[in-house]
Amino acid sequence: MPSISISRESETRVKAELTVNPEEIKPAEEQALKKVGAQAEIKGFRKGKAPAHLIRQKFGSDIRLETLFALVDQHLADVEKKIEERVYRLVRIEDVQEKGEKMSFAVKLDLFPFVKIGKLKAAQITRHQPAIDDADVNAEINDRLLKFAEYQVAESADAISEKNDKLTVDFEIWIDDAPSGEVNKDFEFVLGSGTLSRELEDQIAAGKGKVGQEFKLRKDLKAQEDGKNRTYEIIATLKKIAKPKLPELNDAFIAEKFKGSNTVAEFKTRVKDELERRFNVALIRSETDKALKALEGSAQFFLSESFIDQKVDDFLKSRNIDKAELNAPQITNIRNALSEQEKPNLLMRQLINDAEKFHQKKTKTEETYIQAFKRFVREEILRFETETERAEALLTELDRAIDAMVEGASNQSPWESLISSYLTVFSRDFLFNYFDDEGIVKKGKKMTYKELAGTLAQSPVDLGANG
């Protein structure tokens with residue numbers, strides 16, 4: 001075991017001075033000799049086949065450097081244990097001295113980025129209670145019945161367009177006040193689906209469009225290289241309005257079309273439960289993101305020079321940019337932008353780590369954040385997949401994909417999108433519970449589903465159905 005002394009040069013860099021005994025130096029030298037010898041090219045010998053004394057003679061400085069690297073690697077864990085932090089990168093080795101059979105040297109090490117969060121009370125969030133009423137339940141049921149609806153053409157000339165109507169239009173596209181292509185005849189879409197154009201559909205719905213009416217959406221496009229402004233316009237003429245006729249809601253229909261419910265009463269109870277759950281998911285996500293933003297503003301972030309250097313190199317490489325072509329202000333701007341970009345992720349990781357420790361203390365278990373996430377995914381899958389064999393096969397695939405994501409090995413799994421969606425929900429819930437235990441969650445009021453949606457208008461959250 002070497003002698004190790006530590007001095008701190010900054011929040012993100014330490015200097016470790018090591019004195020190493022001869023019984024550790026000799027194996028490191030042998031390892032270095034093999035590594036250098038395998039690549040050595042000496043006249044008269046095949047690559048990697050030269051005798052050791054010639055390799056030492058010609059590549060002595062390389063062997064010495066590799067010996068030092070080997071000794072640093074061997075004792076890096078001892079340094080991390082002493083400083084109680086993780087080392088990100090070796091910056092340099094200096095002050096190498098031989099004292100008899102011993103060797104001493106100093107290493108400068110950059111640490112992994114970290115954040116000092118400060119007091120959680122810098123954030124205050126609210127837990128409102130869902131007050132789902134019959135109108136919410138009936139509206140949700142009607143939305144679900146739409147996929148079974150039959151559409152009937154409205155014969156009255158006074159019929160107006162409403163959300164979920166199936167409309168037939170002729171439309172054409174104009175670029176720079178000139179038609180582009182042919183007129184699209186008899187194009188069908190459900191109003192509100194965004195199939196034609198979300199903005200134009202909103203215009204038709206707001207205007208309660210009637211057969212024969214013309215609707216236009218005009219936009220300015222980015223200027224071309226010649227600097228000329230360009231315009232884009234959709235012109236749609238409404239030809240037909242078909243109203244949805246929902247199927248009769250009875251026990252037989254429910255049992256046939258909706259798994260897990262045998263009667264209308266059961267189905268309504270299930271829908272209400274799902275709306276309450278959706279309410280809570282949306283609320284927790286919104287409030288937790290609000291807390292994260294507040295904490296980011298009050299936190300201190302520490303990112304080492306070598307960490308940012310690596311981020312800059314990765315950024316430039318991903319965009320095929322030669323660093324030599326950039327001037328100093330440009331590089332500084334990139335460094336600053338990438339540093340800011342890292343802050344939310346760094347804060348999230350630190351809070352998850354703190355929440356994990358709190359979770360283990362509270363539950364008196366050693367369950368990690370990832371293990372808790374896997375348990376959450378299992379519960380979610382079993383809510384919808386009742387066939388045991390199929391559920392277990394899917395869960396095995398998801399477990400494998402989660403492990404790959406944790407290890408940073410993207411294997412292009414078809415489940416990555418689903419896992420990411422689950423992780424967004426779970427991470428906010430995990431942090432919300434931690435914040436609640438830390439006393440920064442205040443009690444709110446009873447709130448309807450529509451009221452909640454209104455409070456989230458400034459920070460959109462997915463309020464879509466979960467199944």
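Which strand does Asp95 lie in? Asp95 lies in strand β3, residues 87-99. This is a predicted model, where local features need pLDDT of at least 70, side-chain atom pairs count only at pLDDT 80 or more, and totals for chains, interfaces and linings use all residues. Residues are numbered from 1 along each chain as its sequence is written, and side-chain values use heavy atoms, with hydrogens and water left out.

Figure 1. The chain has 13 helices and 13 strands. Helices (H or I, at least four residues) and strands (E, at least two) are DSSP runs, numbered from the N terminus. Along its principal axes, the C-alpha trace spans about 105 × 65 × 45 Å. Buried residues make up 36% of the 467 residues. Buried means under 20% relative accessible area, exposed over 50%, and partly exposed in between (1.4 Å probe, protein chains only). Take the contacts (heavy atoms within 4.5 Å). Among those between residues at least 6 apart in sequence, 66% join residues at least 24 apart.

**Figure 2. Helix α1 crosses helix α3.** Two packed helices are described by the angle between their axes and the distance between the axes. The axes of α1 (residues 22-39) and α3 (residues 60-83) come within 8 Å and cross at roughly 125°. That makes α1 oblique to α3. Axes are lines fitted to C-alpha atoms, for helices over the stretch in contact, and angles run from 0 to 180 degrees between N-to-C directions. Angles under 35 degrees count as roughly parallel, over 145 as roughly antiparallel, 65 to 115 as roughly perpendicular and the rest as oblique. By class, the contact of α1 with α3 has eight nonpolar, four polar and five charged residues. Ala, Val, Leu, Ile, Met, Phe, Trp, Tyr, Cys and Pro count as nonpolar, Asp, Glu, Lys and Arg as charged, and the others, Gly among them, as polar. Glu30 also sits in α1. Glu30 is partly exposed, at 34% relative accessible area. The C-alpha atoms of Glu30 and Thr67 are 8.2 Å apart, though 37 residues separate them along the chain.

**Figure 3. Helix α10 meets helix α12.** The axes of α10 (residues 369-384) and α12 (residues 416-437) come within 10 Å and cross at roughly 115°. The contact holds twelve nonpolar, one polar and one charged residues. From α10, the residues include Phe373, Phe376 and Glu380. From α12, they include Tyr422, Phe426 and Ser427.

**Figure 4. Arg335 is a buried residue.** Arg335 belongs to helix α9, residues 328-363. At 17% relative accessibility, Arg335 counts as buried. Leaving aside neighbours within four places in sequence, Arg335 is in contact with Glu305, Ile308, Asp309 and Val312.

**Figure 5. Asp95 and Lys208 have positive phi values.** Asp95 is not a glycine, yet its phi is positive, about 55°. At 46% relative accessibility, Asp95 counts as partly exposed. Lys208 is also a residue other than glycine, with phi near 50°. Lys208 lies in the loop between α5 (198-206) and β10 (214-221).
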